[in-house]
Amino acid sequence: MSEAARRFLVGLALFLVAGAFVGWLYDHPAWGLLVAALAALAWQVRQLLSFERALRTGDFDQFRMGEGLWELLYSRFHFEQQRALRRKRQFQGLLREVRKSTNAMPDGAVILDENNEIITANRAAKQLAGLKRKKDRGQRVDNILRDPGLVRLLHSDDAEMTLEIPSPVTDGNWLSCRVVPYGADQKLLLLRDVTDRIALNKMRRDFVANASHELRSPLTVISGYLDGLAEDEQVPPGWEKPIGQMQAQAVRMRQILGELLELSRLESAGPTGDTEAVNVSALLESARQAFEGHADVARIKVQAESASLLQGRGSEIETVIANLLSNAVRHTPTDGAITLTWRADNEGADLIVADTGEGIDPEYLPRLTERFFRADKGRSRTDGGVGLGLAIVKHVLLRHDAELFVSSEKGAGSEFRCHFPAARLVPAEPMPLS
């Protein structure tokens with residue numbers, strides 16, 4: 001108990017005793033005590049009303065002096081009130097500075113609550129996506145930026161996941177969206193204008209496609225002359241080796257051009273349109289039989305753990321299997337093993353190509369699907385692929401709403417897993433009863 005509270009209680013007790021004593025002098029001590037208690041209560045009510053008036057008007061000057069309990073209470077309350085006002089002004093200044101800094105950002109920033117409702121947005125968000133900080137406050141952001149991918153992004157817990165959507169403000173512009181955790185039960189939606197990058201990528205794809213298409217005709221002519229020279233008996237013997245090497249390089253160039261054209265087609269195409277129920281197990285068995293009997297190929301085994309079919313394009317799924325299997329064959333010794341697996345459950349389906357080959361360094365795993373990237377820099381170009389197979393695989397899987405997961409350990413083999421969503425599965429039709 002504080003000294004002021006102790007003095008207050010002692011004074012109140014002495015006042016009541018004095019009232020009782022005065023009443024005793026008049027032979028009515030109870031009446032004296034009652035009058036003293038009523039007087040003390042009236043004084044407390046008066047102080048309470050004064051406190052209410054001070055709270056209402058903000059004028060605490062009459063209570064700044066004195067050492068009584070009420071004066072100390074008023075003084076402490078006034079001190080805390082002033083400190084709260086100072087902190088409020090500091091926070092308001094800090095908020096203004098933060099708002100100025102966010103408005104100076106070239107990227108849009110939108111703070112969302114746990115229901116994806118807009119709390120606030122910076123100036124760039126208005127310029128890029130048409131979001132208005134005051135008008136759109138409390139609105140669901142996916143009701144303003146209508147895109148199916150944005151809904152998946154908002155409900156994803158992956159802070160590294162990005163999405164590119166058309167700009168709702170300017171036709172032809174594109175926005176890159178990303179959602180990161182922000183505060184308690186809040187999210188921060190980041191918007192960036194990637195129109196230049198999209199246009200540059202399209203220009204690159206168009207150039208590669210056009211250049212590849214134009215190179216096919218002269219390459220066909222060159223290959224024809226080389227084939228004629230190889231079959232001509234009058235060619236000097238010393239020319240046989242260079243002609244053979246030129247033929248091999250012409251075949252390699254045709255392969256590169258064919259894969260470049262296929263990759264350009266996949267990059268420019270959207271999701272699969274016309275689809276069919278693909279028997280993935282049959283495609284795996286067909287791929288195994290294509291390598292069967294080769295002396296320099298490791299043992300290949302097919303594990304069909306599910307009879308479910310896949311809704312997609314059979315030719316593209318066959319391309320995925322061929323590229324993954326050819327990579328496994330190329331990097332697995334003849335005494336190793338390659339396993340092709342097809343399995344499905346309620347979570348989706350997996351097409352897996354696993355081998356016991358040389359494996360891949362962990363530092364190269366994130367770059368495997370880049371075009372022309374080859375993890376083994378020491379391997380000659382005649383022994384390895386052209387570095388486009390996995391890029392084609394990635395884009396085929398994107399067209400089928402699927403993802404590629406790679407796990408590998410140097411010297412212990414690799415596993416390439418293609419995961420398809422459950423919506424792509426088609427139950428196999430039961431065999432008719434005989």
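Asn-116 sits in the loop between β1 (108-112) and β2 (118-121). Keep in mind as you look around that this is a predicted model.

What is the phi of Asn-116? Its value is positive, about 65°, although Asn-116 is not a glycine. Most residues other than glycine have a negative phi. Asp-401 is another residue with a positive phi, near 60°, and it is not a glycine either. You will find Asp-401 in the loop between α11 (389-399) and β11 (403-409).

Are these residues buried or exposed? Asn-116 has 2% relative accessibility, and because buried means under 20%, it counts as buried. Asp-401, at 49%, is partly exposed.

| Residue | Phi | Relative accessible area |
|---|---|---|
| Asn-116 | about 65° | 2% |
| Asp-401 | near 60° | 49% |

Now turn to helix α10, residues 314-330. An α-helix has 3.6 residues a turn, so residues three or four places apart point the same way.

Finally, find the open sheet of 3 strands, ordered β6-β8-β13 with antiparallel pairing. β6 (276-278) and β13 (425-426) are the edge strands: each has a single partner, so one side of each has no neighbour in the sheet. Strand β8 (residues 309-312) pairs with β13 over 2 bridges in the antiparallel sense, and Leu-310 stands opposite Leu-425 in β13.

Methods
Residues are numbered from 1 along each chain as its sequence is written. This is a predicted model: local features need pLDDT of at least 70, side-chain atom pairs count only at pLDDT 80 or more; totals for chains, interfaces and linings use all residues. Side-chain values use heavy atoms; hydrogens and water are left out. Helices (H or I, at least four residues) and strands (E, at least two) are DSSP runs, numbered from the N terminus. The expected span of a helix is 1.5 Å times one less than its number of residues. Buried means under 20% relative accessible area, exposed over 50%, partly exposed in between (1.4 Å probe, protein chains only). Two strands pair if DSSP finds at least two bridges between them.
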